[in-house]
Amino acid sequence: MAMLWKFMRVAKYSKTTALSSKVKVRGIPTHSRHSSSKSVPSDFGASAPCSNTVELLGKSYPQDDYTNVTEKILSKVGKNLHNRKHHPLWLIKEQVKEHFYKHYLGRRGTPLFSVYDGLSPVVTVQQNFDSLLIPQNHASRRKEDNYYLNRDHMLRAHTSAHQWDLIHSGLDAFLAVGDVYRRDTIDSTHYPVFHQMEGVRLFSCHELFSSIKDGEGLQLFEQGHRTAHKQECHTMEAVRLVEFNLKQVLTKLMTHIFGDGLQVRWVDCYFPFTHPSFEMEINFQGEWMEVLGCGVMEQQLVNSAGAQDKIGWAFGLGLERLAMILYDIPDIRLFWSEDERFLKQFIGPHIWQKVKFQPLSRYPPLINDISFWLPSETYSQNDFYDLVRTIGGDLIEKVVLLDEFAHPNAPLCSLRFITCKPQAGAEETCDTEISWSLMGEESA
C-alpha cells in the first residue's frame with residue numbers, strides 16, 4: 001500500500017499563478033516534442049478510455065463508478081516480462097522454477113510443484129479479496145490503491161488471487177507467476193506494475209507425519225483456541241511441522257539464489273490469509289533486506305476450496321525485488337527498458353550467470369516544482385501519480401510532496417518531482433518541455 005505523505009511546509013502562492021498559469025515541466029527528450037503540450041482538466045483522477053467499456057485481452061468490461069484504470073496501465077497488460085527469455089525477471093523466475101523442479105519430486109520422480117505463468121491478470125473482486133478472507137472494509141480494497149475495470153473486475157493486486165482456484169482444481173503444490181498492479185508513488189523502487197511469484201504446498205496427515213517417529217497418532221486438526229502461534233483448528237504439532245517445512249524450503253531457495261553462508265531472519269507479521277505469518281529478511285552485503293512474506297494458510301480458505309483434510313503454507317515474493325538485489329539494478333523502471341544495452345547485459349549461456357548491471361546514462365536529473373489547487377474532496381495522491389505517468393511516462397524519476405497549504409476556501413498542495421532523461425538512453429538531450437493546465441475550483 002502507498003505510504004501517506006509526511007513532509008509538509010507552507011507554500012507561498014498567488015491566485016493567478018495557482019489557477020491560471022501553465023505549469024512547465026522541462027526534461028523531456030527532443031523526440032517527444034510532437035506531444036509536449038497538453039491540457040488536463042481539474043478532475044485529473046485516473047480514468048479509463050473515453051468509451052462506455054474497457055477493452056482488454058479480447059474482452060469488454062462495462063465502465064461504472066469504480067473504473068479507474070488508465071491507458072498507460074492498460075498498455076502494460078500482456079507485456080509479460082517474466083516470460084521474455086533472458087530478461088532479468090525471466091532469469092529470476094527460471095532460477096526459482098529450476099530449484100523447485102530439482103529439489104522437490106513426487107512419488108513418480110516428477111516435479112512436485114507445477115508452474116503457472118500465463119494466468120490472466122484480469123480477476124474478479126471476489127478472487128482478489130473475498131476468496132482470501134480480506135474483510136469488506138479492509139484498506140487494501142480502496143480505489144486509491146487498485147486498478148478497477150469496474151465494481152466486479154480489476155487488475156490483480158497480487159498473485160494470491162489465484163490461490164483458491166488452483167487449490168479448488170485439485171492442486172497440492174504449485175507456483176503462480178505474473179504481473180500485478182497497484183497504484184503507488186513514483187520513485188526508483190515503486191512502479192504500478194510489478195511481478196510476483198506465489199507458492200503453495202498442502203499436506204495430508206500422512207504426508208506431514210509419515211517421517212515422524214511414532215507419528216501415527218498425531219492429527220492435523222483439533223477444536224481449540226486461536227493464539228499468536230496457531231489457528232483454533234490446528235494442532236500445535238501440525239503447525240510446527242508446517243512452519244518448519246516452510247522456513248526450510250525458503251531458506252534453501254534464497255541460499256541457492258544468493259549463495260552459501262546467507263544470513264536469514266524471520267519477522268512476525270500479519271496477512272489476512274495466513275496465520276501465523278512471517279516476513280523473511282536476508283543479510284546481503286551487510287544490509288538486512290525483506291524479500292518475501294509467508295505463513296500457514298488460513299484453514300477457512302483451504303476448506304472453502306475443497307481441501308478440508310489438508311493443511312498448508314503459502315509464500316509470495318517479488319521478482320523485481322530479488323533481481324534488483326541480485327543484479328544491482330538501481331531503478332525498478334529499468335525492467336521496462338527496450339534498450340539493447342540494458343537487455344544484452346543479461347544474455348548468457350545459463351540462467352545462473354553472474355551479472356552486475358552497468359549504468360547507461362550520464363545525465364543528472366532536472367528538478368521542478370508544481371503547485372495546484374486540489375480538484376475535489378475525492379482527490380488522492382495516486383490520482384496525481386497516474387496523471388504524471390500518463391504524461392511523462394517513465395521519464396519522471398521521483399515525485400515527493402514538499403508542501404501542503406490549507407487556503408480558507410480551497411486547499412492547495414505544492415508537489416515537487418524530479419525529471420530526467422530516460423534511464424536507458426544516454427544520447428538524448430534534455431531541453432524539451434511539457435506543459436499542461438491544472439484547473440481548480442474558483443476561490444475568493
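Tutor: The labels are DSSP runs, numbered from the N terminus: helices are H or I of at least four residues, and strands are E of at least two. Ser 337 is buried, its relative accessible area being 8%; buried means under 20%, exposed over 50% and partly exposed in between, with a 1.4 Å probe and protein chains only. Asp 394 is 57 residues away from Ser 337 along the chain, yet their C-alpha atoms are 9.6 Å apart.

Before we go on, here is how to read the values. This is a predicted model, where local features need pLDDT of at least 70 and side-chain atom pairs count only at pLDDT 80 or more, while totals for chains, interfaces and linings use all residues. Residues are numbered from 1 along each chain as its sequence is written, and side-chain values use heavy atoms, with hydrogens and water left out.

Now the sheet. Seven strands form an open sheet with mixed pairing, in the order β4-β7-β8-β12-β11-β10-β9; two strands pair if DSSP finds at least two bridges between them. The edges are β4 (114–116) and β9 (263–271): each has a single partner strand, so one side of each has no neighbour in the sheet. From one strand to the next, the twist averages 25°.

Follow β12 (311–318) next. Seven of the eight residues of β12 are buried. β8 pairs with β12 in the antiparallel sense over eight bridges, and Phe 203 is opposite Ile 311 of β12. β11 is also antiparallel to β12, over five bridges, with Leu 292 opposite Leu 317 in β12.

Helix α7 (residues 236–258) lies across β8, β9, β10, β11 and β12, at about 30° to β12. Helix α9 (residues 319–327) touches β7, β8, β10, β11 and β12, and its direction makes about 55° with that of β12. Contact means heavy atoms within 4.5 Å; axes are lines fitted to C-alpha atoms, for helices over the stretch in contact, and angles run from 0 to 180 degrees between N-to-C directions.

How do the helices meet each other? The axes of α7 and α9 come within 11 Å and cross at roughly 40°. They are therefore oblique to each other, since under 35 degrees counts as roughly parallel, over 145 as roughly antiparallel, 65 to 115 as roughly perpendicular and the rest as oblique. Met 254, Ile 257 and Phe 258 of α7 make the contact with Leu 322, Ile 325 and Leu 326 of α9.

Finally, the core. A nonpolar core is a set of buried Ala, Val, Leu, Ile, Met, Phe, Trp, Tyr and Cys residues joined through side-chain atoms within 4.5 Å. The largest one has 74 residues, and Met 254 and Phe 258 have the most contacts inside it. Its largest share, ten residues, comes from α7. Leaving out residues up to four places away in sequence, Phe 258 touches Ile 282, Phe 284, Leu 322, Ile 325 and Leu 326.
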